Amino acid sequence: MKTVNLFQKLKEKKEKIVMLTAYDYSTARTIEEAGVDAILVGDSLAMVALGYRDTYIITADEMKIFVKAVSKGARNSFIIADMPFMSYNINVEQGLENAAKMIKAGASAIKLEGCNKYILTLVQRCVESGIPVLGHLGFTPQLMNTIGGHKIQGKTAEMTEDILVNAQKLEAAGCFAVVLELMPTESAKYITDNLTIPTIGIGAGNACSGQIVVTDDILGKYTDFKPKFVKKYADLHNVVLESVTQYKNDVKTLIFPSEEESFELSEEESNKLS
Ligand code: KIV
């Protein structure tokens, strides 16, 4: 069973931390089988699995169902549940209550976006209560409306310094690692080099302690848009499209089901029906 200590150990060994998202039982099983270090049940599932317009709509109660499925599929993995928009921002009690729901659903840790006085207090309270917290800085999708869209962060030395200060505050509050999203490689390297906890990059170059991507993106399954930082390892959209089209044609032309895929009565019983 993987624990939170794995993150620090891998950073110390200078071995990259490999993370992927999963939202369902069978994908989680395959990801565990491949030996990925940790799984995030990201709120990206709102768009990728539920077809919502953005991630703002999903609730903690909806997320819980996916956390349950993933934790059943990957029983030996370290599973992190994303806390959705406004499920932890009202007050510490609300944040703790929803974080507890994720742990009870099978997660080992939670992820929160951003850094301010309130978030730091919440991180501290979660950690004191036995809930490990993964931070998330740089581009934070839940703050997209205030940031003003999908914008690369840390584009100047000054902006990079600001992100580092926040990352150090999250580290001091007890985060076990921090996600750095959408920033130049040099900025992510500078932040990584000045932290004790590991950084997990997404669209942040190759100098972070580890990497995370949305699994459906690298498998070519989610085709609504393809971010520049995604490398496609498969084209599942076309594999599924071709297979489903073939199935449809086989049914229409009576090729499926054939004898091979059918059950037969004994001759005696068959004669009674004729
Ligand atoms: O929701 C998500 O999938 C994320 C990323 C960091 C992959 O937050």
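This report looks at the ligand site and some salt bridges of a predicted model.

Residues are numbered from 1 along each chain as its sequence is written. Because the model is predicted, local features need pLDDT of at least 70 and side-chain atom pairs count only at pLDDT 80 or more, while totals for chains, interfaces and linings use all residues; side-chain values use heavy atoms, without hydrogens and water.

**The ligand site**

Let us start with the ligand. Around the ligand (a heavy atom within 4 Å) we find Thr21, Leu40, Gly42, Asp43, Ser44, Asp82, Lys111, His136, Ile202 and Val214. This shell holds three nonpolar, four polar and three charged residues, with Gly counted as polar and Asp, Glu, Lys and Arg as charged.

| Residue | Distance to a ligand oxygen |
|---|---|
| Asp43 | 3.0 Å |
| Asp82 | 3.2 Å |
| Lys111 | 3.1 Å |

On its own the ligand has 260 Å² of accessible area, and the protein covers 95% of that (Shrake-Rupley method, 1.4 Å probe).

**Salt bridges**

The whole structure has nine salt bridges, each a side-chain nitrogen of Lys or Arg within 4 Å of a carboxyl oxygen of Asp or Glu. One of them joins Arg53 to Asp54, with the closest N and O atoms 3.0 Å apart. Here Arg53 is exposed at 65% relative accessibility, whereas Asp54 is buried at 13% (buried is under 20%, exposed over 50%, partly exposed in between; 1.4 Å probe, protein chains only).

Lys232 and Asp235 form another, at 4.0 Å from N to O. Lys232 is partly exposed at 43%, and Asp235 is partly exposed at 32%.

Conventions: Polar contact = N/O pair within 3.5 Å; in protein donor to acceptor, adjacent residues only side chain to side chain.
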